[in-house]
Amino acid sequence: MTDSTIEALNKKLDRLIEAVARLAPPPVPETDLGEADCFVWQADPGYLEPVHKVNRVDISLIRGVDRVRDILVDNTERFAAGYAANNVLLWGARGMGKSSLVKAVHAAINVSAKLDLPLKLIEIHREDIDTLPKLMSLLKAAPYRFILFCDDLSFDHDDTSYKSLKAALEGGVEGRPENVIFYATSNRRHLLPRDMIDNERSTAINPSEAVEEKVSLSDRFGLWLGFHKCSQDEYLDMIDGYISHHGLAIDPVTLRAEALEWATTRGSRSGRVAWQFTQDLAGRLGKSLKD
């Protein structure tokens with residue numbers, strides 16, 4: 001066999017190796033839990049992606065929900081310190097700061113509490129709920145304590161993944177690891193459409209059993225924190241807090257008139273509407289908002 005023949009064969013083998021390598025799945029990135037305090041669970045291929053800059057506001061800027069804020073802070077402080085705490089369902093009116101409060105409380109606990117190790121926040125997407133057992137098995141041997149957070153959690157017709165969540169939270173053989181707690185936000189108190197529950201009641205042989213099966217998911221959350229529509233005074237207080245925090249100069253009378261007009265055009269008052277008004281006002285004043 002000549003040298004040229006051997007060289008040609010080597011080139012073909014190299015191309016074959018490259019082609020096979022492209023077909024193989026990429027290696028799963030290693031998770032370094034010390035790299036950040038917040039992560040996003042990437043169910044496929046199955047690792048925690050660090051988030052170095054979290055989209056959140058200071059807890060002092062979340063107004064109009066003082067009672068539920070204090071309850072959530074207390075529950076989170078107890079969990080971070082290694083004491084018993086409950087899974088939490090934050091439910092109710094949209095735009096009232098449910099997810100913002102979870103992220104703000106996490107940051108506040110890490111700043112104020114004297115913890116040996118920082119509390120970790122892990123976001124899991126709604127569509128990845130059925131991989132929750134896999135995530136918990138990854139976390140249970142870690143030295144940290146974790147808040148698993150799912151924003152806008154709800155289930156639709158013919159969606160059976162809620163059964164996986166029920167088992168992972170309380171019902172499985174292993175149960176929830178002691179270093180893991182689950183926080184979820186939803187516009188629905190029972191996480192399921194009202195008509196879905198009503199249909200089960202009307203078509204089942206034993207209506208009460210069918211309904212119990214559906215609503216028992218929310219029973220896995222020891223704390224239900226309700227968020228309700230805010231009053232006009234609470235809405236204006238939210239805006240005052242944002243204006244003061246970001247140093248926006250505007251006449252108070254003008255501010256009140258414009259803020260109420262903004263809420264009227266949106267057809268609602270909430271923390272989200274107050275923040276959107278603040279962004280619009282800052283832009284009109286030619287100002288940047290603080291990180």
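A: Let's start with a contact, meaning heavy atoms within 4.5 Å: Gln232, Tyr235, Leu236, Ile239, Asp240 and Ile243 in α8 meet Leu255, Arg256, Ala259, Leu260, Trp262 and Ala263 in α9. By class, this α8–α9 contact has 9 nonpolar, 1 polar and 2 charged residues (Ala, Val, Leu, Ile, Met, Phe, Trp, Tyr, Cys and Pro count as nonpolar, Asp, Glu, Lys and Arg as charged, the others, Gly among them, as polar).

This is a predicted model, where local features need pLDDT of at least 70 and side-chain atom pairs count only at pLDDT 80 or more, while totals for chains, interfaces and linings use all residues. Numbering runs from 1 along each chain as its sequence is written, and side-chain values use heavy atoms, with hydrogens and water left out.

Helices here are DSSP runs (H or I, at least four residues), numbered from the N terminus. The axes of α8 (residues 232–246) and α9 come within 11 Å and cross at roughly 120 degrees; axes are lines fitted to C-alpha atoms over the stretch in contact, with angles from 0 to 180 degrees between N-to-C directions. So α8 and α9 are oblique to each other (under 35 degrees is roughly parallel, over 145 roughly antiparallel, 65 to 115 roughly perpendicular, the rest oblique).

Now for the next neighbour. Helix α9 (residues 252–266) packs with α10 (residues 271–284) at about 125 degrees, axes 10 Å apart, which makes α9 oblique to α10. On the α9 side, Leu255, Glu258, Ala259, Trp262, Ala263 and Arg266 meet Val273, Gln276, Phe277, Asp280, Leu281 and Arg284 in α10. That contact has 7 nonpolar, 1 polar and 4 charged residues.

Methods: Helices (H or I, at least four residues) and strands (E, at least two) are DSSP runs, numbered from the N terminus.
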